[in-house]
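Here are some notes for a colleague who is opening this entry without having seen it before. They take up the sheet, then the nonpolar cores.

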Amino acid sequence: MKKIRLGIFGLGRGAGFADPITANGGEVVALCDRDTDKMKEAAEDLENTPAMYTDFDEFIKHDMDAVFLY
């Protein structure tokens with residue numbers, strides 16, 4: 001079964017959903033937030049290194065299957 005490749009937009013509360021996403025077979029491939037420190041912190045907890053964006057227009061162009069908006 002193919003892994004669903006997800007992006008997370010908004011890491012204030014959205015970062016807390018990375019663990020349930022990966023625990024259920026998903027893969028977080030991109031993060032987007034204006035706060036680069038939040039992105040770095042969220043990326044540290046993931047087994048892969050996701051792409052990181054501060055610009056939504058660039059983030060949404062990333063190769064992913066779905067976006068988690070929070």
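1. Two strands count as paired if DSSP finds at least two bridges between them. On that basis, in this predicted model, 4 strands make up an open sheet. Their order is β3-β2-β1-β4, and the pairing is parallel.

2. Which strands stand at the edges? They are β3 (51-53) and β4 (66-69). Each has a single partner strand, so one side of each is left without a neighbour in the sheet. From one strand to the next, the twist averages 25°.

3. A30 has A51, in β3, as its bridge partner.

4. Nonpolar side chains tend to be buried together in soluble globular proteins. The largest nonpolar core here has 11 residues, including L6, I8, I21, V28, M39 and L46. Two or more residues of this core come from each of β1 (5-9), α1 (18-23), β2 (27-32) and α2 (36-44). Which element gives the most? That is α2, with 3 residues.

5. A42 and L31 both belong to the largest core. Once the neighbours of A42 within four places in sequence are left aside, A42 is in contact with L31, and also with L11 and A15. L11 is listed in the core as well.

6. There is also a second, separate core, which has 6 residues. Among them are V29, C32, F59 and M64.

Note on methods: Residues are numbered from 1 along each chain as its sequence is written. This is a predicted model: local features need pLDDT of at least 70, side-chain atom pairs count only at pLDDT 80 or more; totals for chains, interfaces and linings use all residues. Side-chain values use heavy atoms; hydrogens and water are left out. A nonpolar core is a set of buried Ala, Val, Leu, Ile, Met, Phe, Trp, Tyr and Cys residues joined through side-chain atoms within 4.5 Å. Buried means under 20% relative accessible area, exposed over 50%, partly exposed in between (1.4 Å probe, protein chains only). Contact means heavy atoms within 4.5 Å. Axes are lines fitted to C-alpha atoms, for helices over the stretch in contact, and angles run from 0 to 180 degrees between N-to-C directions.
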